[in-house]
Amino acid sequence: MQNLGQLYFEYTGERALEQVPMSASGSNRRYYRLTSAGQSLIGVQGTSREENEAFLYMAQHFRKKSLNVPRVVAVSDDKMLYLQEDLGDTLLFDFIADGRKTGVFHEDEKAMLRKTIRQLARLQVLGSEDFDYNKCYPQPEFNLRSINWDLNYFKYCFLKATGLEYQEDKLESDFERLAYILLQHRTNTFMYRDFQSRNVMVKDGEPYFIDFQGGRKGPVYYDVASFLWQAKAHYHPELRQELIDEYLDELNKYMPMDRDDFYATLKHFVLFRTMQVLGAYGFRGYFEKKPHFLQSIPFAIENLRLLLKDCGEDYPYLIEVLHDMTELKQFKEISVRKPLVVRVYSFSYKKGIPADESGNGGGFVFDCRAVNNPGKYERYTYMTGLDEPVIRFLEEDGEIFPFLEASYKLVDASVKRYIDRGFRNLMVSFGCTGGQHRSVYSAEKMAAHINEKFGVEVQLIHREQNIETVLPSRD
């Protein structure tokens, strides 16, 4: 029987110097990086010949369509092993790590997401041309049986495991309604089925698709829902909207799609996909005891909470059950949508602008040096903007008031939008010559203003005095 080392030697003519196991996430397939002096390849050891054959057919077909998938270079006689090109180590999930952690996606992250969602449209339509769906495994198409599998996967592997009581007959009636609606929106396209950022590699500035062996004929909406509502991706609503627009621009090059109809249909698939994902997390986490999936459950529950706010009356009992489920103690006590924290600094320009340790890259910086400076008078030399004589000087002089009013307007608009979009960090800094009088006074006023108006936590830092104060959230 062949092994990966033998297959590597047969293809390259060299012995693999290393065969290093790689993470397989939720898959039962095993991945290895095999390297020699000449080249590096990825070896795959599958557990199902039929699944391997599906992947091998799809990879070959998509390569012929000039789609970004790995090139398979060697296959064992029994089809249980194969070698494919090495796409490197950068998952899209890791490429967008800063955005996922902070809630603010940098332009290079958004550019890669735009490329990826456009490539999805091409894969779905161009990949379907001349495609033999009989090669798919375990199902050739998205049909009633596959919908029922996933709904039952959710019911038995997740919902029942929560301990929530529900009326099974009423729930099944809503399941039937959901399945009926999903099946009304068939498209003659390839459905990736598990299209999410962990199944996209980034190489040479381009996205490459992997692990598509579960694909089949199916509606385009499903993959969009899978990608944009991935539990740990943290795409805020505006970014989702931007990416949907990008997707539809690309899709309409190949097949007409009315935007309003697309949005109206998509919400049903988002609900369905969210339940399917929870079923997978329940099985992999509760039954297979894989911690990665247990850690993802709170993020999927938070997605579901937000989704339920906009659900209509199509499935009243299902929505009621899902709402009750999200309010269970084991989920209610876990908050994954961290509230906004605003950091307000005072500083001296002589020592430079404060660094932003949140990963956001900085925020507002207001220059107080145009305001009349009490520091030019000897009697204020050893005082700061915290001392009553300095406060009285600035307020009686009056120049500080229009300066602060202007800064309040700018910052208020951002705080409101940051809260709406689920952002976690905002930084506001006030600088003056010595970081002692005007900047300290201004930072104090801004911190109190934000905390009072929005109720968010404000961390107030007077850098040059080494003073830190927290104004706690009022939630």
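Which residues does valine 458 touch, not counting residues up to four places away in sequence?

Modeller: This is a predicted model, and what follows should be read with that in mind. Valine 458 touches Val342, Val344, Ala447, Ile450, Asn451, Thr469, Val470 and Leu471, with residues up to four places away in sequence not counted. The residue is found in strand β13, which spans residues 457–462. Its relative accessible area is 0%, so valine 458 counts as buried. For a sense of distance, take serine 128: it is 330 residues from valine 458 along the chain, and the C-alpha atoms of the two are separated by 53 Å.

The chain as a whole gives the setting. It has 16 helices and 14 strands, and its C-alpha atoms fill a box of roughly 90 × 65 × 45 Å along the principal axes. Of the 475 residues, 54% are buried, valine 458 being one of the buried residues. Contacts between residues at least 6 apart in sequence join residues at least 24 apart in 70% of cases. The accessible surface comes to about 22100 Å², and carbon and sulfur atoms account for 48% of that. As for charge, there are 61 positive and 69 negative charges, and their mean positions lie 2 Å apart.

Five strands form an open sheet in the order β1-β2-β3-β5-β4, with antiparallel pairing. At its edges are β1 (18–22) and β4 (72–75), each of which pairs on one side only. Neighbouring strands of this sheet are turned against each other by 25 degrees on average, direction ignored. Helix α1 (residues 4–12) packs on the sheet and touches β1, β2 (30–35), β3 (40–45), β4 and β5; the direction of α1 makes about 50 degrees with that of β5. Helix α2 (residues 49–64) also packs on the sheet, touching β4 and β5, and its direction makes about 30 degrees with that of β5.

β5 covers residues 81–85 and pairs with β4 in the antiparallel sense over three bridges. Five of the five residues of β5 are buried, and the strand is mostly covered. The hairpin of β4 and β5 has five residues between the strands, and lysine 79 in this hairpin takes a positive phi near 65 degrees.

Two further residues have a positive phi without being glycine, and their accessibility can be compared by class. Serine 66 has phi near 60 degrees and lies in the loop between α2 and β4. Its relative accessible area is 54%, so serine 66 is exposed. Aspartate 211 has a phi of about 50 degrees and sits in the loop between β8 (206–209) and β9 (216–217). Its relative accessibility is 19%, so aspartate 211 counts as buried; the cut-off for that class is under 20%.

The backbone also has a cis peptide bond, which joins tyrosine 137 and proline 138 with omega at about 5 degrees. Proline 138 is found in the loop between α5 and α6.

Helix α8 (residues 220–228) has nine of its nine residues buried, so α8 is largely enclosed by the rest of the structure. The buried residues of α8 include Tyr221, Tyr222, Asp223 and Phe227. They pack against α3 (92–95), α5 (107–126), α6 (144–162), β6 (190–191), α9 (237–251) and α10 (259–287).

To return to the part you asked about, valine 458 is in β13 and has a relative accessible area of 0%. Its contacts include Val342 and Val344, together with Thr469, Val470 and Leu471.

Notes. Residues are numbered from 1 along each chain as its sequence is written. This is a predicted model: local features need pLDDT of at least 70, side-chain atom pairs count only at pLDDT 80 or more; totals for chains, interfaces and linings use all residues. Side-chain values use heavy atoms; hydrogens and water are left out. Helices (H or I, at least four residues) and strands (E, at least two) are DSSP runs, numbered from the N terminus. Buried means under 20% relative accessible area, exposed over 50%, partly exposed in between (1.4 Å probe, protein chains only). Contact means heavy atoms within 4.5 Å. Accessible areas come from the Shrake-Rupley method with a 1.4 Å probe; for residues, only the protein chains shown count as cover. Lys and Arg count as positive and Asp and Glu as negative; His and the chain ends are not counted. The place of a charge is taken as NZ of Lys, CZ of Arg, CG of Asp or CD of Glu. Two strands pair if DSSP finds at least two bridges between them. Axes are lines fitted to C-alpha atoms, for helices over the stretch in contact, and angles run from 0 to 180 degrees between N-to-C directions.
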